[in-house]
Amino acid sequence: MDFVIPKPAIPSVAILGQDARFPVRRIYCVGRNYAEHAREMGNDPDREPPFFFSKAADCLVAAGENVPYPPQTDNLHFEGELVVAIGVGGADIAVDKALSHVFGYACGNDLTRRDMQAVAKSRRRPWDLAKGFDQSAICGPLLSVQENGHFEAGQISTRVNGELCQNGNLKDMIWPVQDVIAFLSQSVTLAAGDLIFTGTPAGVGALERGDVCEVRIEGLPPCITTII
Ligand code: MN
């Protein structure tokens with residue numbers, strides 16, 4: 001097919017141990033999925049259904065790349081998160097079938113312009129540009145479930161310049177991965193190529209130019225980013 005402008009590149013994520021890459025279609029994020037993080041943001045944790053926001057697929061940036069400090073913020077925050085890669089799509093996916101839709105997992109960092117988000121919240125405006133700015137969705141290499149199975153528990157930590165800032169456990173998610181997939185698939189039809197950032201534990205904080213931010217999840221390749 002001919003296009004009138006150069007065809008945009010397809011964003012993709014590396015897969016550990018494979019040359020082929022995982023092409024990315026959409027990026028969804030869970031807004032609040034660890035009780036302690038909900039509290040630090042001034043909210044009461046509860047078992048209300050999770051809520052979602054999205055980032056454009058081309059917000060994706062690989063672990064190991066330098067990320068320029070974004071414009072229009074003085075309070076860029078890291079959010080270390082487990083990323084789920086969807087390998088088989090579907091709508092209204094049942095909780096007990098949801099994990100069979102997963103291709104693999106990665107460590108991610110949901111970069112956030114926290115000051116812009118606070119303004120959006122206070123004025124009841126969308127979060128879009130507080131979350132979905134250029135190079136805001138950092139994702140490490142995927143580990144396929146065929147290689148390693150699912151990640152239902154395990155330490156998730158974020159260090160900035162070596163200092164431990166976030167130290168949680170995947171088992172403390174308010175909604176575990178299978179519930180997240182089930183809920184999200186009630187709102188949108190998921191497809192192969194979708195990524196879901198599953199929320200961040202407590203301890204989020206600011207990044208400055210020159211900082212090295214390391215997100216680690218037991219058993220996954222780390223997601224290390226330098227802000228420049
Ligand atoms: Mn997040």
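**View 1. Residues lining the largest pocket of this predicted model.** The lining of the largest pocket divides into 6 nonpolar, no polar and 4 charged residues (Ala, Val, Leu, Ile, Met, Phe, Trp, Tyr, Cys and Pro count as nonpolar, Asp, Glu, Lys and Arg as charged, and the others, Gly among them, as polar). Among them are Arg 32, Asp 44, Phe 51 and Trp 175. The volume of this pocket is about 150 Å³, taken as the space filled by probe spheres set on the grid points, which are joined across faces, edges and corners. A pocket is an open set of points on a 1 Å grid over the protein atoms alone, where a 1.4 Å probe fits, with protein on both sides within 12 Å along at least five of seven lines; lining residues have an atom within 4 Å of a point.

**View 2. The largest nonpolar core.** Leu 82, Tyr 105 and Ile 181 touch the most other members of this core of 41 residues. A nonpolar core is a set of buried (under 20% relative accessible area, 1.4 Å probe, protein chains only) Ala, Val, Leu, Ile, Met, Phe, Trp, Tyr and Cys residues joined through side-chain atoms within 4.5 Å.

**View 3. Contacts of Leu 82.** Leaving out residues up to four places away in sequence, Leu 82 touches residues including Tyr 105, Phe 151, Met 173 and Ile 217. Contact means heavy atoms within 4.5 Å.

**View 4. Glu 147.** Glu 147 is exposed, with a relative accessible area of 57%; exposed means over 50%. The C-alpha atoms of Glu 147 and Gly 17 are separated by 9.3 Å, although these residues are 130 residues apart along the chain.

**Notes.** Residues are numbered from 1 along each chain as its sequence is written, and side-chain values use heavy atoms, without hydrogens and water. In this predicted model, local features need pLDDT of at least 70 and side-chain atom pairs count only at pLDDT 80 or more, while totals for chains, interfaces and linings use all residues.
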